[in-house]
Amino acid sequence: MERRVAREFRHKVNLLIDNEAEKDYLYDVLRMYHQSMNLPVLVGDLKLVINEPSRLPLFDAIRPLIPLKHQVEYDQLTPKRSRKLKEVRLDRLHPEGLGISVRGGVEFSCGLFISQLVKGGQADNVGLQVGDEIVRINGYSISSCTHEEVINLIRTKKIVSIKVRHIGMIPVKSSADEALKWQYVDQFVSDSGEGKGSVAGLASSGGRDNKEKKVFISLIGTKGMGCSISSGPTQKPGIFISNVKLGSLSAEVGLEVGDQIVEVNGVDFSNVDHKEAVRVLKSSRTLTISVVAGAGKELFMTEEERQREARLREQERQELMQQKRLALETNKIIKEQQEKERLRKLEISQKAAEEEERYRREIEQITAEEEKFKKEWEEDWGPKEPPKSLKTVTAEVHPAPHSKHRIDLKGVAHDQLETDDMDEVIMKQDKQGFQKYLEDFDPYSVFTPEQIMGKDVRLLRIKKEGSLDLAVEGGIDSPVGKIVVSAIYEGGAADKHGGIVKGDEILAVNGKILIDSRLAEAQATLAKAWNMGGDWIDLVIAASPPKEYNDEMTFF
């Protein structure tokens, strides 16, 4: 059970995280938690890696790894996602507005998310939450809508229908050129002040200062815009909104005191005087106004407001410094993990090179001995029968039999098993009732899918008792193209085990893969594995398919 959970968790990590350093950091965080059992620290560290909505499923994957006594607290500390859609209805003409602020849009490469709620407002009362993603407005999907198009869509009806799903994160991006980042709801600091909800809160919310926005006002059937304008001083020229009446049309579309008007119906307001600005604003009943939000806010502040603004800026500065320190610490951890990973790979590479060189020398020595033995045998006996491998005898691994006799290590001749004797041996093995194959063996942890495609791969663990008494043939350079069992001799360790039969392909011995090996290399590997220390030898085989026999018929 634990192995399956760990395997599923690693699969989820590999699927959602590409950066190897981030993966190592995640595993280190979990190891440190199991040592300290400090759950709040764990969740805080996890949020540094699980830093975008696509990675949020990792919280669910980690939960089974948390001890049962901590799982309730873990659920309280981690963000709650919901796949279900929730639909609410809000009155656009309500005196206090919609009561929400949102950010995002297709121009920021993300959806539209609720970033602020007015406490006790409409949105708060119907159950909307900060971190909700708005997916539909008035029945229309907004997945491909800009911020401005969403505002226009909200104005189409008196009762606004909104469908949301809770994500628990907020997008942070001030401009199209800036990289998109995400913050958790409990870490997010809103750019707008308290109480600024309604439709005005739906203006592009990338930052506090000097963000241009466009509003559309229709004066048909109204008494006026409900705002006043003033010219700026010499050091800050321009046309600014100096007053906005509560509940007026200007307040509804989001105009605020201190906004600088830069264009009206295509007319540039950069160098117009106050009189000309009033004339343009009154020249049409339909106005398209571009403003820079808060550009002249300080011109209309009281001393108390200036002090409050200074405190807010200092608070923001402190928060930014804290984020910077956190980012530096995170970057340091990631770099340390990257260096650790580099050194680990270098060590593995060096060990692999040393092992490869040692193996190459052994193969050369074995090949030389094989050639010498073959030459001596041909001189004594001629080329009628293939010679027996010197290493095969030493390893007690027999070459393919060509007669009804074999020679074991003691030099005693044995008759080949007759069919009836073999059937009797197989029946005895089946009655023993031991486990022939290890059930929890995962072949994909050793071989590539191409190497074992279509094969019935099994892992055998054979106890070293006496001789192995197993003969092999073939090899990568033979017509067979693989290492195949050619005979199992009675009384040997392979025969007693009962899990391997003639025709099975040997894929690996004690972790050494033999798929691309020559016969001499395979025999040498078997010899070394059988003669070295330990009580068991592990063989990975591809079981040969069962033969199909036609009905037997006897003719007289």
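**Cores and ring pairs in a predicted model**

The accessible surface of this protein, a predicted model, comes to about 33300 Å², and carbon and sulfur atoms hold 51% of that.

Reader: What share of the 556 residues counts as buried?
Author: Here the cut-off is under 20% relative accessible area. The protein has 14 helices and 23 strands. Of its 556 residues, the share that counts as buried is 38%.

Reader: Which element gives the largest share of the largest nonpolar core?
Author: That core has 29 residues, and Phe9, Leu42, Leu46, Ile50, Ile62 and Tyr74 touch the most other members. Elements giving two or more residues to it include helix H1 (2-16), helix H3 (39-49) and strand E8 (181-184). The largest share, 6 residues, comes from H2.

Reader: How many residues are in the second, separate core?
Author: Look around Leu460, Leu468, Ile483 and Ile537, which are among its members. In soluble globular proteins, nonpolar side chains tend to be buried together. This second core has a residue count of 21.

Reader: Which residues does Phe9 touch, leaving out those up to four places away in sequence?
Author: Phe9 lies in helix H1, and it is buried. With those sequence neighbours set aside, Phe9 touches Leu26, Tyr27, Leu30, Ala61, Ile62 and Leu65.

Reader: Is the aromatic pair of Phe9 and Tyr27 stacked or edge-to-face?
Author: It's one of 3 aromatic pairs in the structure. The two rings sit 6.2 Å apart, centre to centre, with 75° between the planes. Planes over 60 degrees apart fall in one class, so this pair is edge-to-face.

Reader: How many residues apart are Phe59 and Tyr184?
Author: Their ring centres are 6.4 Å apart with the planes at 70°, so this pair is edge-to-face too. Phe59 is in helix H4 and Tyr184 is in strand E8, so to speak a link between distant parts of the chain. The separation is 125 residues.

Reader: Is Tyr184 buried or exposed?
Author: Buried takes under 20% relative accessible area. Tyr184 comes in at 3% relative accessibility.

Reader: Which residue has its charged end over the ring of Tyr184?
Author: Tyr27 has a charge over its ring from Arg10, 4.6 Å from the centre. For Tyr184, the charged end sits 4.9 Å from the ring centre, and it belongs to Lys47.

Methods: Residues are numbered from 1 along each chain as its sequence is written. This is a predicted model: local features need pLDDT of at least 70, side-chain atom pairs count only at pLDDT 80 or more; totals for chains, interfaces and linings use all residues. Side-chain values use heavy atoms; hydrogens and water are left out. A nonpolar core is a set of buried Ala, Val, Leu, Ile, Met, Phe, Trp, Tyr and Cys residues joined through side-chain atoms within 4.5 Å. Buried means under 20% relative accessible area, exposed over 50%, partly exposed in between (1.4 Å probe, protein chains only). Helices (H or I, at least four residues) and strands (E, at least two) are DSSP runs, numbered from the N terminus. Contact means heavy atoms within 4.5 Å. Accessible areas come from the Shrake-Rupley method with a 1.4 Å probe; for residues, only the protein chains shown count as cover. Rings of Phe, Tyr and Trp (its six-membered ring) pair if their centres lie within 6.5 Å; planes under 30 degrees apart count as stacked, over 60 as edge-to-face and the rest as tilted. A charge sits over a ring if NZ of Lys or CZ of Arg is within 6 Å of the ring centre and within 35 degrees of the ring normal.
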